[in-house]
Amino acid sequence: MTSVMTTLMTGAVRNTVTTVLTTATPPPVAPAGDHHSLAIALFAVVVLVTLGITLWVGRQGNAAEDFYAGGRDFTPLQNGFALSGDYLSAASFLGVAGLIALYGYDGVLYSIGFLVAWLVVLMLVAELVRNAGRYTLADVLALRLRRRKVRAAAGGASVVVTLLYLVAQMVGAGSLVALLLGTDSPHARTWTIIAVGALMIVYVTIGGMRATTWIQIIKAFLLTAGSVLLTVLLVVRFHGDLGELMRQAAQHSGAGRRYLEPGLKYGHGFTSRMDFFSLGLALVLGTAGLPHILSRFYTVPTARAARRSTMWAIGLVGGFYLMAIVLGLGATALVGSAEVRHANPAGNTAVPLLALVLGGGNGSTGGVVLFALISAIAFATILAVVAGLTLASSAAFAHDIWAGAWRNRPRRARAGAHARAGARVRALRERGRGRRAEAVPASRSAAGVTAARAAEEPGPGAGEQQEVVVARIAAAGIGAAAIVISLYAQQLNVAFLVGLAFAVAASANLPVLLYSLFWSRFTVRGAVCSVYGGLVPAIVLVFFSPVVSGSKVALFPGVDFHWFPLENPGIVSIPLGFLAGWIGTVTSPEPADPDRFAELEVRALTGAGAA
Amino acid sequence: MPQQQTSSPGQGQRFDWWAAAAAATPVDTPSGPPLDTPSGGAPLGGPPGVPSDGTPGVPAEPAAAHRRRAVPAQPAAARPAPARTEQPAPAEPAAVAAPLDRPVAPPVRPAAEAAAAVPEAVDSTEVYRAVQASAAFQDIRRSYRSFVFPVTGAFLGWYLMYVAAQAAAPGLMRTRVAGPFNVAWLLGLLQFASTFLLTWLYARNARTKRDRAALGLRWDTQDQLR
């Protein structure tokens, strides 16, 4: 039964894709040959396997804990793979290797920020967030700053970050899949974006966090296995002599010795250097504020497991980037920078082209198989990352904005009548601290830890079920919005969006998170100022930067209203986020609540009462 | 959650922890457990509705016994928690410090004396404040912060210096080290090495200095909160 269905569906998918292909123009960029049909078949396998997982896993539970946190029963190893799967987007897999193939050392320089960032996650964030929160970043803040506006601000910033990241990934996916399938027609790109968007909506709405995590695990495993395979083949080809590899790469790069020195990409003048510094700062600080990374820590049972999964992720990400360096050098040495740039100006096809050469060249069976394998891995990467982003985005919307801030808004008329309703303790507290003495002690002392949480969170059961329904709807809505934006933006150069997403995460999410976790005097006003004080400058500065207007590759090439010289706002907006949080706190009319900080600190460091 | 309780303890009067827990039980049971689903593997100290035998008149001893029974429900990792640190928390008033003693010798608390000590009820806030002030917690916090803050400053500085050095000292970066390797590559690879090294050091620090104490304090705190 299943196999019949599989055959049918494979046939159907293959037919559709071939139709798209045959109507499209012949591949103009990649080397000629029919090495794409096997890739298409493998794409279909990836789609079927992931859909199968989603349907299978999606039946395991429908509670909020299942949808947002995958039931919290993943092992550190599994979650480590899933973390690296979430982190290593197609932009990393193909993009970093491509950058190294084109610009040599400057590509290496770019990749290092992505790795060092994990130390911030490991040391300052992972365990504490796991202990103090339930599903999202805003949960951690809300434990201490129980105001709807804090939740709304943090949830809103999370949605902005994930949406920026999502659009960047989907536009990239459109051109990438078209490239891997050997077509450059706008139709193929449009349909790819729609198909990827539809798939991610299916994964998230049906499978929730559990399915997303399994897809990430499989993808990360494939990615690691594929990279190891190519690296081994490459190193064997060079008889283990990496110095020779570097020499040959420099020789075939067209830049000679300068290929192995800094400055090929980021060295043109002071502005370019400042821009790279800004990007580096955003990368190293932004990772710890990415909502889809933070929500991964809730899929393991304890803080210790969160730490160990981060360690696995650091090992996998670090190993991956080391291999990406070797592969990038290999692509230059064996394929040549000119050929790589000819196939795709951003170098995105460097690794697949290298696979073709390593397998025995175009036309050979080995080359075709290896090319198809690497392409399918890249495709799986795209699917997994967009699914993770959609899930994080829908969680921020449903759990923070809808349930935390909107549904729990004070309804004075109802507060007395519905004494048992889940939200009323919160509503009472919202009216003023004077009434806390009545509202808090009874509920808290009676049920201890859980009551404190109940006061913050809406009641379980019906409320959470409703919230999950909203989250599923939000996933579909956010996915649809991302598809529409990506379709509109697919002709635009959106490469800066990933850097921008990291910059927003570093300026809006990280300061408020660190202040909440470590600063006893931090207040509600400080939190709100910190989020908006990082988010607004980041967006405004980008709007007035050369990526939006005033240059040939800008979003609006015709006009020029830019006055901010850098493409990445991080160097200004990150300090502003921290500064705004500090100013908001010291000017706050109400002092910080030491009781709340005590609760957060004890829970974060010991894990008492952790979800 | 047990909202009816809001009115039962008189304002400004000592709130009886055990009586409230017991009285709250019937209200608690339907809504309590889903908050800390046992399936999640998250070892909460047990659902709040559990101590159903703790009727107001019951002496403290059975309640303590019950708490002991609840502990095995926690995962095996919890078992070797040795540091059942009974910190008297000297800085706190006696009534606040009392919760910390409970796991060993549950005191029969005279309501009148307690009412005189603190106007507000002993609730989770008091427990958290007491734990925060305890020497065991201060140790954990000190060992965490004294490792993490300097190290974070160091690796962020080292990374930003590395990035800035590309622009600031291009000549130095181009200096050959061995074969095609130059200083820039060497520093880049050292970034990888330092990241792996710091990951290992942090994990070792957490494992040897904090994990056991934190786990012990976790069960202690949850015991008191129940």
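This report describes the chains, helix packing, nonpolar core and selected residues of a predicted model.

## Composition of the two chains

Chain A contains 25 helices and zero strands. Of its 611 residues, 65% are buried. Among contacts in chain A between residues at least 6 apart in sequence, those joining residues at least 24 apart account for 80%.

Chain B has eight helices and two strands. Their order along the sequence is α-α-α-α-α-α-α-β-β-α. Chain B comprises 226 residues, of which 38% are buried. For contacts in chain B with a separation of 6 or more, 68% come from residues 24 or more positions apart.

## Packing of α8(A) against α22(A)

Two packed helices are described by the angle between their axes and the distance between the axes. In chain A, helix α8 (residues 148-180) and helix α22 (residues 496-518) have axes that come within 8 Å and cross at roughly 165 degrees. Angles over 145 degrees count as roughly antiparallel, and α8(A) and α22(A) are therefore roughly antiparallel to each other. Their crossing is left-handed.

On the α8(A) side, the contact is made by A154(A), A157(A), S158(A), V160(A), V161(A), L164(A), Y165(A), V167(A) and A168(A). The α22(A) side contributes L497(A), V498(A), L500(A), A501(A), V504(A), A505(A), A508(A), N509(A) and V512(A). By class, the contact of α8(A) with α22(A) comprises 16 nonpolar and two polar residues, with no charged residues.

## Packing of α15(A) against α16(A)

Helix α15 (residues 350-358) of chain A packs with helix α16 (residues 365-406) of chain A, their axes coming within 7 Å and crossing at roughly 155 degrees. With this crossing, α15(A) and α16(A) are therefore roughly antiparallel to each other. The crossing of α15(A) and α16(A) is right-handed, whereas that of α8(A) and α22(A) is left-handed.

The residues of α15(A) that make the contact are V351(A), P352(A), A355(A), L356(A) and L358(A). Those of α16(A) are G367(A), L370(A), F371(A), I374(A) and S375(A). The contact of α15(A) with α16(A) has eight nonpolar residues and two polar residues, and no charged residues.

## The largest nonpolar core

The largest nonpolar core has 252 residues. The residues with the most contacts inside this core are L164(A), A331(A), L354(A), L383(A), A501(A) and V504(A). Helix α16(A) gives the most to the core, with 28 residues. L164(A) of α8(A), together with A501(A) and V504(A) of α22(A), also takes part in the contact between those two helices.

When residues up to four places away in sequence are not counted, L354(A) touches L230(A), L327(A), G330(A), A331(A), L334(A) and V335(A). One of these partners, A331(A), is itself among the core residues with the most contacts.

## A buried helix: α7(A)

Helix α7 (residues 137-144) of chain A has eight of its eight residues buried, so it is largely enclosed by the rest of the structure. The buried residues are L137(A), A138(A), D139(A), V140(A), L141(A), A142(A), L143(A) and R144(A).

R72(A) is not a glycine, yet it has a positive phi of about 55 degrees. It lies in the loop between α3 (64-69) and α4 (76-87) of chain A. R72(A) counts as buried because it has 24 C-beta neighbours inside 10 Å. H239(A), also not a glycine, has a positive phi of about 55 degrees. Its place is in the loop between α9 (186-237) and α10 (242-252) of chain A. H239(A) has 8 C-beta neighbours inside 10 Å and therefore counts as exposed.

I293(A) belongs to helix α12 (residues 291-294) of chain A. With 26 C-beta neighbours inside 10 Å, I293(A) counts as buried. Leaving aside neighbours within four places in sequence, I293(A) is in contact with L83(A), D86(A), Y87(A), V121(A) and T287(A). I293(A) and N568(A) are 275 residues apart in sequence, and their C-alpha atoms are 21 Å apart in space.

Conventions
Residues are numbered from 1 along each chain as its sequence is written. Chains are lettered from A and ligands numbered from 1 in the order in which they are written. This is a predicted model: local features need pLDDT of at least 70, side-chain atom pairs count only at pLDDT 80 or more; totals for chains, interfaces and linings use all residues. Axes are lines fitted to C-alpha atoms, for helices over the stretch in contact, and angles run from 0 to 180 degrees between N-to-C directions. Helices (H or I, at least four residues) and strands (E, at least two) are DSSP runs, numbered from the N terminus. Angles under 35 degrees count as roughly parallel, over 145 as roughly antiparallel, 65 to 115 as roughly perpendicular and the rest as oblique. A crossing is left-handed if the near helix is turned anticlockwise from the far one by less than a right angle, and right-handed if clockwise. Two residues are in contact if their C-beta atoms, placed from the backbone, lie within 7 Å. Ala, Val, Leu, Ile, Met, Phe, Trp, Tyr, Cys and Pro count as nonpolar, Asp, Glu, Lys and Arg as charged, and the others, Gly among them, as polar. A residue is buried if 20 or more other C-beta atoms lie within 10 Å of its own, exposed if 12 or fewer, and partly exposed in between; C-beta atoms are placed from the backbone. A nonpolar core is a set of buried Ala, Val, Leu, Ile, Met, Phe, Trp, Tyr and Cys residues joined through C-beta atoms within 7 Å.
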